[in-house]
Amino acid sequence: MKGISMMSMRSGFIWSVIGLCVGLLIPIEARGQAPSPGATLFEKRCYSCHNIGSGDKKGPDLKGVTLRRSRDWLHEYIKSPAAMNRRGDPEARALFEKFAPEVMPDQDITDEQIDAILALIDELTRKNESFVPAGAKLSRPVTPADIDLGRQLFVGRRSLSNGGPACISCHTVSGVGRLGGGTLGPDLTAVNVKYRDPELIAILQNPNFPAMKAVFGTRPLTDEEIVQLFAYLQNVKPAHPTTQALAGVARIEPWFVTIGFVALLGAIVGFNLAWKNRLRGVREQLVRRSTS
Amino acid sequence: MDVRLQISMVFHLDKCIGCHTCSIACKNVWTDRKGAEYMWWNNVETKPGTGYPTAWEDQSKYKGGWEQKNGRPELRMGRKSSRLINLFHNPHLPKLDDYYEPWTYRYEDLFDSPEGADQPTARPISMITGKPIDIEAGPNWDDDLGGSPVYAANDPNLEGFDEQQREELFDVQRLVFFYLPRICNHCLNPACVAACPSGAIYKRGEDGIVLINQERCRAWRMCVTACPYKKTYYNWSTGKSEKCILCFPRLETGQAPACFHSCVGRIRYLGALLYDADRLLEALNVADEKLVEAHRELILDPFDPHVQAEALKNGIDDQAIEAAQRSPVYKYVKEWRLALPLHPEFRTLPMLFYVPPLLPVMARAEQGLYDTSDKELFAPIDRARVPMEYLARLFAGSNVDPVRYSLKKQYAVRLFKRMDTVGDIDRALVKRALQEVETSEDEAEQIFRLTSLPTMTERFVIPPSHREEALAMLTEDLWEEKGGAGLGFREPPTRGA
């Protein structure tokens, strides 16, 4: 009897340990794999521009926004901020002025999705916590070799595997090419100062800015490319230390304007020389010569 | 021998009164359209003068026509390579100001002006901008020597005249001018055709009329530069170039072109010429002074059986050959050698010929009498108020001989008719005059008749065009084209390709 009970006790202990472990593990796994739908949505759709509890980015920090504004206002604003601004809503207008020139684009989003996001903001506000993106992690640690590989991706020497255009078509960083990169997007020098690491990774994963979303929505970066580009952007050295204050703002270099001006003058002079024997009107000259 | 047929023209300048009826007829029929306001496919110039566009004869500026280079004619505007380089910017185009800014008048001002002390006037309005303008030039600004110190004094044909000759020319007592009506010359070696990068310009095989295909024209405007007579014009509205079409729809229906038909002085003659296309290059490769003769040599005798046989081989039918035999142009140009091409030195072989004008002679005032009589037979011709060299520059590549011959012959015919009708001239003198220009009383009478008393059918000998033969090559359904002329616009010309 005793033996049996001992046996049963031991096996009961083992089972309970296993059970406890499983019981503990499952929620951890579940929490890691599937965060709340609000958090997933927020990371995908909002996190490029907004924080919850870690300060303003391109757009305002959304901590406590559900206390500051009515639910109806939030719904309407999220769907079409520009329409509200046009209508002359004073709060919308104040936001537009504060964050100019950034303009929050209209969102293609359902009421249920908005509610889920607002619930997340509510919860974090109540707990006084900051939003930490669950997926904004690199797939592997950065190695020194990644910096150069990232640079090759940035300038387009290697193409992105899903067919996206090279970063340089729209962005520049200091020290890339003689004439720099594109000026459609912001200068990415010191982008690591402007964004914290998870924010930058999240943007590389889900660039939710209107121009980038259109291009990279169907051609996302692979995990490996994200690691390399992240490594490169971390290591771009600003040409002038003062540019840190203007990080992210595309600047027109004075020498670039000078080159443009000189080239224009050169072209005008060149064309004039090439066609210096062109016909410049006969009658006017004849009259001028004869009457003077 | 490659016999071709060309509808050719003669303008008898001695008969032109400068009334511009031809220009108006042409304007009303063809260029009274948007974009064509400044065009005068037919214009009448006063010489000495700079013409329209201003100083068009000055090819150092306009770069028109051909020049002799390495023993062959080359376009003065440059080779193909340089034209390709300048394709998007043709550097030798006349400005609108060189033609003139077309204008109309605000006629309603005459009725709507408020009552005042002065008569209301109709203000001139630019047809380009629609705003009031100060008129500075027109298509015949030299008319009757208006503005001579500026315009006539700069006539390119006066180049090489010294100060004294110029002074004499513009001396009030001996001032003289004559008119020069101009249309497209429908040249045998058209520079416009050679210059067109789109291949839009062509010379019609059946009658030699030069036309611009409005569907193929791409507005490069190389023809505008290439034509030394500045007779292709760019239509800024349709984006296509245009030119005189010799009223081919009228010709095809047996009528004379509008400017010919309406000519008040009846100075215009039209008829067919047969020429030898094989010898074109040969005729072009001669010195300036010999161009008139070489040009005449190209024209074939339609009475020669050999020529007739060759013509038939080339599809020129009996009716056309018969028309070429009756052609007044053949008589004036080849038989009588009276008519000369305008500026043959441009080397386009123009097929519009001019009978140079017998201008007033320089008279003397003796003992209160205005005396024009002279002892010498042909002295008046050499003492005409416009120097022979001037006419030679216009009509003979600076060679005085063909001009003097033509003027002498005209003068001899006058003497002959004066003897005939007035009877105050000795027949021996007339005989000597006729002999000097190698002509007979019979021919003099013919020249007189065709010059002074021609009928409509003598002035315009239009060969039947036989459109059905040309159309048969293009379409099977001739029935649909019955009674039609030309190939017809299927749609109006539009900008672009």
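Reply:

**A buried arginine and the charge pairs**

R268(B) is buried but has no salt bridge, and the nearest side chain of opposite charge, E45(B), lies 11 Å away. Here buried means under 20% relative accessible area, exposed over 50%, and partly exposed in between, with a 1.4 Å probe and protein chains only. A salt bridge is a side-chain nitrogen of Lys or Arg within 4 Å of a carboxyl oxygen of Asp or Glu. As for charge, Lys and Arg count as positive and Asp and Glu as negative, while His and the chain ends are not counted.

This is a predicted model, in which local features need pLDDT of at least 70 and side-chain atom pairs count only at pLDDT 80 or more, whereas totals for chains, interfaces and linings use all residues. Residues are numbered from 1 along each chain as its sequence is written, chains are lettered from A and ligands numbered from 1 in the order in which they are written, and side-chain values use heavy atoms, with hydrogens and water left out.

R268(B) belongs to strand β12 (residues 268-276) of chain B. Helices (H or I, at least four residues) and strands (E, at least two) are DSSP runs, numbered from the N terminus. The side chain of R268(B) is joined to that of N42(B) by a polar contact of 2.7 Å. Such a contact is a pair of N or O atoms within 3.5 Å; within protein, one must be able to donate a hydrogen and the other to accept it, and residues adjacent in sequence count only if both atoms are side-chain atoms. Leaving aside residues up to four places away in sequence, R268(B) touches several others, among them V10(B), F11(B), C22(B), I183(B), F260(B) and R459(B). Contact means heavy atoms within 4.5 Å.

Other charged residues of chain B do have partners. The structure holds 40 salt bridges over all chains. In one of them, E57(B) pairs with K47(B), with the closest N and O atoms 2.7 Å apart. E57(B) sits in the loop between β2 (43-47) and α2 (59-62) of chain B and K47(B) in strand β2, 10 residues apart. E57(B) counts as buried at 7% relative accessibility, and K47(B) does so at 0%.

R204(B) and E252(B) form another salt bridge, their closest N and O atoms being 2.8 Å apart. Because R204(B) lies in the loop between β8 (201-203) and β9 (210-212) of chain B and E252(B) in helix α9 (residues 248-252), the pair ties together parts that are 48 residues apart in sequence. Both R204(B) and E252(B) are buried.

A salt bridge of 2.8 Å, N to O, also links D288(B) and R347(B). D288(B) is in the loop between α11 (280-284) and α12 (291-298) of chain B and R347(B) in the loop between β13 (340-341) and β14 (352-355), so this pair ties together parts that are 59 residues apart in sequence. D288(B) is partly exposed, with a relative accessible area of 29%, whereas R347(B) is buried at 5%. Salt bridges that share partners join R204(B), E206(B), D207(B) and E252(B) into one network.

Charge pairs also occur between the chains, where the count for chain A and chain B is 3 salt bridges. K95(B) and E284(A) meet in a salt bridge of 3.0 Å, N to O.
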